[in-house]
Amino acid sequence: MRNIIPSWVRVLVIFFLIMIGIEYFVESGDKPAFLEKPMIMLFLVLVLLILIAIEGIVAAVENTLFNSLDEEAKERYLTAKNEKPRFTKLKRIYNKMVDSKPVEEETEIILDHNYDGIKELDNNLPPWWLYGFYASMIFAVIYMFKYHVFDGDNQYMEYQQENELAELEKERYNATAKDVIDFEAVTLLTEASDISTGKQIFNKNCISCHRIDGGGGIGPNLTDKNWILGGGIKNVFKTISQGGRPGQGMESWTRKGLKASQIQQVASYVLTFQGTTPAEGAKAPEGEIWVDPVQETETEIEKVSDSIKVVTEEVN
């Protein structure tokens, strides 16, 4: 095999296999590992030099040993080296799988049919095709009994199970991972230290669009009751972390480097603007007036409760 493949091909194949292995096992984001980490590039250069050196050493040793042989041995060596592989085993396997008559023996299987000089050969069906056909029939029977007789889990059921399993794994991860907060589970922070940190983050990143008093500029006014994507800690946290409206809203601050805890702090600070009066030139309200569903439900319950009390008093 070594005599068939040139040395430069062996060097390149081994080198690229090592490079592919490094790219697979080394985490480097969107960039190639050898660009992201210069030490890997140095390692690859070293590997390439070692491969070239090995090929050179092997060739030199082979040449030295060849020169130490007598003329008869040299002739035998060159004959063996130049002999092309015959792949006899592969040829035998191929012939068995095809099971066709050689061209010299086709006269034995010619049929009497003749279509404008075109004759038909009565070849056997290729064994590879027959075995595949038999295997497909066995598979079809097993498939029918499993999924249509014994009601096995089909692809839709398996997809649903995989989704449920993924949700469980996600919940476990969120419960133990550091600085991971889901917007459905986020809560409003009220501690002075959290609000102060949120203010610092807001003043550093947000005042260019929302102004220091929340009155709005490029971004919407944060002091009124109107919200484009919904108010409350959950909606504000989601908007900051995932971004606003596609193409015209705020970018995702998670992608820009803010951690979940920092987004929770700045979202809690943003909600302190509610009901305040910004300086002159504040932006007009945008979106719809947002009412907290929980507060709305509690208000409805109180109204119903008051109505029941009034009816009870009238009856008494």
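**Group meeting: surface patches and salt bridges**

Let's start on the surface. Phe87, Leu90, Ile93, Met97, Leu125, Trp128, Trp129, Tyr131, Phe133, Tyr134 and Met137 make up a nonpolar patch, with about 1200 Å² of accessible area together. This is a predicted model, where local features need pLDDT of at least 70, side-chain atom pairs count only at pLDDT 80 or more, and totals for chains, interfaces and linings use all residues. Residues are numbered from 1 along each chain as its sequence is written, and side-chain values use heavy atoms, with hydrogens and water left out.

What counts as a patch? Patch residues have over 30% relative accessible area and no salt bridge; like charges are joined within 9 Å, and nonpolar side chains (Val, Leu, Ile, Met, Phe, Trp, Tyr) within 5 Å. Areas are Shrake-Rupley values with a 1.4 Å probe, and for residues only the protein chains shown count as cover.

Which helix gives the nonpolar patch its largest share? H6 does, with six residues. Helix H5 (88–98) and helix H6 (127–149) each supply at least two. Helices here are DSSP runs (H or I, at least four residues), strands likewise (E, at least two), numbered from the N terminus. Phe87 sits in the loop between helix H4 (71–82) and H5. Phe87 is partly exposed, because its relative accessibility is 46%. The cut-offs: buried is under 20% relative accessible area, exposed is over 50%, partly exposed is in between (1.4 Å probe, protein chains only).

Now the charged side. Asp153, Glu158, Glu162 and Glu169 form a negative surface patch. Asp and Glu count as negative, Lys and Arg as positive; His and the chain ends are not counted. Each charge is placed at NZ of Lys, CZ of Arg, CG of Asp or CD of Glu. Glu162 lies in helix H7 (residues 155–176). At 53% relative accessible area, Glu162 is exposed.

Next, salt bridges. The rule is a side-chain nitrogen of Lys or Arg within 4 Å of a carboxyl oxygen of Asp or Glu. How many salt bridges does that rule give? Five. One pairs Arg10 with Glu55, with the closest N and O atoms 2.8 Å apart. That pair links distant parts of the chain: Arg10 is in helix H1 (residues 7–25), Glu55 in helix H3 (residues 38–67), 45 residues apart. Are these two buried or exposed? Arg10 is buried, and so is Glu55.

Two others. Arg211 meets Asp213 at 3.4 Å, N to O. Arg211 is partly exposed, at 23%. Lys283 bridges to Glu286, closest N and O atoms 3.5 Å apart. Lys283 is partly exposed at 27%, and Glu286 is partly exposed at 27%.
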